[in-house]
Every structure is written in structure tokens, then in C-alpha cells.
Amino acid sequence: MSETTTKPESADAIDPGIGETGAPNAASEARANSGPSVELGTLDPQTLRALEFVRKLVRSMQMDAEVDLAPDDGEGSEDEIRLEIEGPDAGRIIGKRGVVLEAIQYLTGRVAHQPGEPRRHVAVDAEGYRARHEDQLSEMARRLAERVAAEGKIITFDPMSARDRRIVHMALRDMTGVRTESNGEGPDRRVQIIPVKGPPA
């Protein structure tokens, strides 16, 4: 059975730029000093640590952007902490192919979780980048799965993050004629789309 390797697509992202050092501009100061849109006293400790960490990080990067809890759109799960970065500089926080945003999310997860607490997943988005990326990745996975079902060839993605692997698995879980598997270890772990033969006639 032959096999093809493919790279996951990514939403367009802007190269990171921290900007010149020095005092934040007036707009940035106003955003940093503006009151939060959520009542901090109502948040659980992990959510509070995550929110305060990302707000502090954005201020230290001297970015003109705000950080808040993402609105409940039905996409998240109960054990997920979802933060949204918005503002004129939010695009710069994404980084090329989302690498800066991914690093922020990783660090935020480490800061938010304390020993003895149940671990909650942290999702940090900026200007809807992750939503666009997930839509594109799901659509690509479905197109590739149609090829796999038609041609009978395994397609293997390049290594992906755990979140992206989950997106592919979820996009194809109800698709007939194919199944998905994750193989490999650590940063080399990748998803395969594998043809499934139908029942004999």
C-alpha cells in the first residue's frame, strides 16, 4: 500500500515583530490600564492565573492589544480555558505560522496549572487565527480523505501539535471509507489517513 506525506496548511500569519524598545504608546497604556471586562473575583484560580499572565506578557511586549476570556460559542469544553487577544497589534502576536501564539499558549498552560489541581487545557487565540486555521485544516483533511478513499493510498501528515492532530481526527471521525491513526513519538508524532475496505459484496 503506497503512502503520501503532506504538510498541514496554516492560516495566513504575520511575522512577529516586537517593535522598538521604549515606553508604550498612549493607546497601549490606555488598554493596559483599562478595567477588565470580566469580574476577576468570579474566576477560578487557573483561569485567573492564565488571564493575568497573558495580560502581563502582552504589556511587556508593548503590544496595543487586549486580553479577555473568549465568548462562549459552544466550541470549547468545560475543562478548557479560552483566551482571546484583540487589538491593532494582535496580528503581530500570532507570528509566522502561529509559532508565537503557540509558544504563548504553551507557557500560559504551564503557569496556569499548579500541582494538585486537575489540569485544564488552555487555548489562546488572536484575532480569530485559530478558528480560521482549524477550519482550513479540517477542510484539507476532508479533501485528502476523499483521495484516500478513492485511491486506496495512505496519506501521512507532517508532524503536528496535539491540538492539530485532534482537529484532523475529529474532522474525519464520521467519514466512511477511511480511518485515522496517530503514530510516532513526541515532536515527530503525526496523523495518518488510512483507507478502510468496505464489507465484501
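Trainee: Which strands form the open sheet, and in what order do they lie?

Mentor: In this model, which is predicted, 3 strands form an open sheet, and their order is β2-β3-β4, with mixed pairing. The edge strands are β2, residues 66–69, and β4, residues 121–126, since each of them pairs on one side only. From one strand to the next, the twist averages 20°.

Trainee: How do you know that β2 and β3 count as paired, and in which sense do they run?

Mentor: Two strands pair if at least two bridges are found between them, and β2 and β3, the latter covering residues 80–86, are joined over 4 bridges in the antiparallel sense. The value therefore meets the cut-off of at least two. One of the partners can be named: aspartate 68 has glutamate 84, in β3, as its bridge partner.

Trainee: What makes a group of residues a nonpolar core here, and how many residues does the largest one have?

Mentor: The members must be buried residues of the nonpolar kinds, such as Val, Leu and Ile, joined through side-chain atoms within 4.5 Å. The largest such core has 22 residues, and Val54, Val58, Leu83, Ile85, Ile93 and Val124 have the most contacts inside it. The elements that give two or more residues to this core are α2 (45–60), β3, α3 (90–94), α4 (99–112) and β4, and the largest share, 4 residues, comes from α2. Apart from this core lies another, of 16 residues, including Ile155, Met160, Val168 and Val191. In soluble globular proteins, nonpolar side chains tend to be buried together.

Trainee: Which residues is isoleucine 85 in contact with, once its neighbours within four places in sequence are left aside?

Mentor: Contact requires heavy atoms within 4.5 Å, and the partners of isoleucine 85 on that basis include Val54, Val58, Ala65, Val67, Ala90, Ile93 and Val124, together with Glu66, Asp125, Ala126 and Glu127.

Trainee: Why is aspartate 89 called buried, while arginine 92 is called partly exposed?

Mentor: Buried means under 20% relative accessible area, and exposed means over 50%. Aspartate 89 has a relative accessibility of 13%, so it counts as buried. Arginine 92, in helix α3, has 26%, which lies in between, and therefore arginine 92 counts as partly exposed. For the protein as a whole, 37% of the 201 residues count as buried.

Trainee: What makes the pair of aspartate 89 and arginine 92 a salt bridge?

Mentor: The cut-off asks for a side-chain nitrogen of Lys or Arg within 4 Å of a carboxyl oxygen of Asp or Glu. The side chains of aspartate 89 and arginine 92 meet at 3.5 Å, N to O, so the pair qualifies as a salt bridge. The structure holds 12 salt bridges.

Trainee: How do you know that arginine 142 and glutamate 139 are separated by about one helical turn?

Mentor: Arginine 142 and glutamate 139 are 3 residues apart in helix α5, residues 129–151, and therefore about one helical turn separates them. Arginine 142 and glutamate 139 also form a salt bridge, with the closest N and O atoms 3.7 Å apart. At 33% for arginine 142 and 37% for glutamate 139, the relative accessible areas fall between the 20% and 50% limits, so arginine 142 is partly exposed, and glutamate 139 is partly exposed too.

Trainee: What makes glutamate 151 and arginine 147 another case of residues about one turn apart?

Mentor: Glutamate 151 and arginine 147 both lie in helix α5, 4 residues apart, which is about one turn of the helix, and their side chains meet in a salt bridge at 4.0 Å, N to O. Glutamate 151, at 44% relative accessibility, counts as partly exposed, and arginine 147, at 37%, counts as partly exposed as well. Elsewhere, salt bridges that share partners join Glu80, Arg82, Glu134 and Arg163 into one network.

Trainee: Why is methionine 170 called partly exposed, although it is a nonpolar residue?

Mentor: The term rests on accessible area: methionine 170 has a relative accessible area of 35%, so it is partly exposed.

Definitions and conventions
Residues numbered from 1 in each chain as written. Predicted model: local features only at pLDDT ≥ 70, side-chain atom pairs only at ≥ 80, totals over all residues. Heavy atoms only, no water. Buried < 20%, exposed > 50% of the residue type's maximum accessible area, 1.4 Å probe, protein only. Axes fitted to C-alpha atoms, helices over the stretch in contact; angles between N-to-C directions.
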